[in-house]
Amino acid sequence: ANLPSDGSRGAFGGITLAINVETVEAVDAALAEAVAAGGSLLKPGTELPFGYGGYFADPDGHPWEVCYNPSFPIAPDGRVEVP
């Protein structure tokens with residue numbers, strides 16, 4: 001493991017969980033809901049080369065990405081359709 005010399009954990013643990021949502025507005029709403037539920041905002045929603053997204057950490061410190069990608073539409077059953 002790449003731990004600092006004092007043995008503490010770094011800010012990134014090597015994995016980010018991700019949630020894809022249907023719209024840009026849903027990204028901002030999900031980030032706000034996560035913060036209201038006890039999470040912390042790591043990066044607000046921003047334009048990205050593939051769409052729009054941001055990051056929050058859950059109360060246990062795990063980072064989550066919330067993303068809208070118009071190239072990966074979400075099917076009626078909630079699954080992401082990868083072209």
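1. Let's start with contacts along the protein chain. Among those with a separation of 6 or more, 36% join residues 24 or more positions apart. Please keep in mind that this is a predicted model.

2. Next, the overall layout. The protein chain has 1 helix and 4 strands, and from the N terminus on these elements follow the order β-α-β-β-β.

3. Now for the surface. Of the 83 residues in the protein chain, 23% are buried.

4. Is A26 buried, exposed or partly exposed? Its relative accessible area is 22%, so A26 counts as partly exposed, the cut-off for buried being under 20%. A26 also gives an example of two positions separated in sequence: G53 is 27 residues away along the chain, and the C-alpha to C-alpha distance between A26 and G53 is 9.8 Å.

5. How many aromatic pairs does a search of the whole structure find? The search returns 1. The pair is formed by F56 and W64, and it is stacked, with 6.1 Å centre to centre and 5° between the planes. The pair counts as stacked because planes under 30 degrees apart fall in that class.

6. Finally, look at how the two partners of that pair are covered. F56 has a relative accessible area of 10% and is therefore buried. W64, at 23% relative accessibility, is partly exposed.

Key. Residues numbered from 1 in each chain as written. Predicted model: local features only at pLDDT ≥ 70, side-chain atom pairs only at ≥ 80, totals over all residues. Heavy atoms only, no water. Buried < 20%, exposed > 50% of the residue type's maximum accessible area, 1.4 Å probe, protein only. Phe/Tyr/Trp six-rings, centres within 6.5 Å; stacked < 30°, edge-to-face > 60°. Helix = DSSP H or I, 4+ residues; strand = E, 2+ residues; numbered from the N terminus. Contact = heavy atoms within 4.5 Å.
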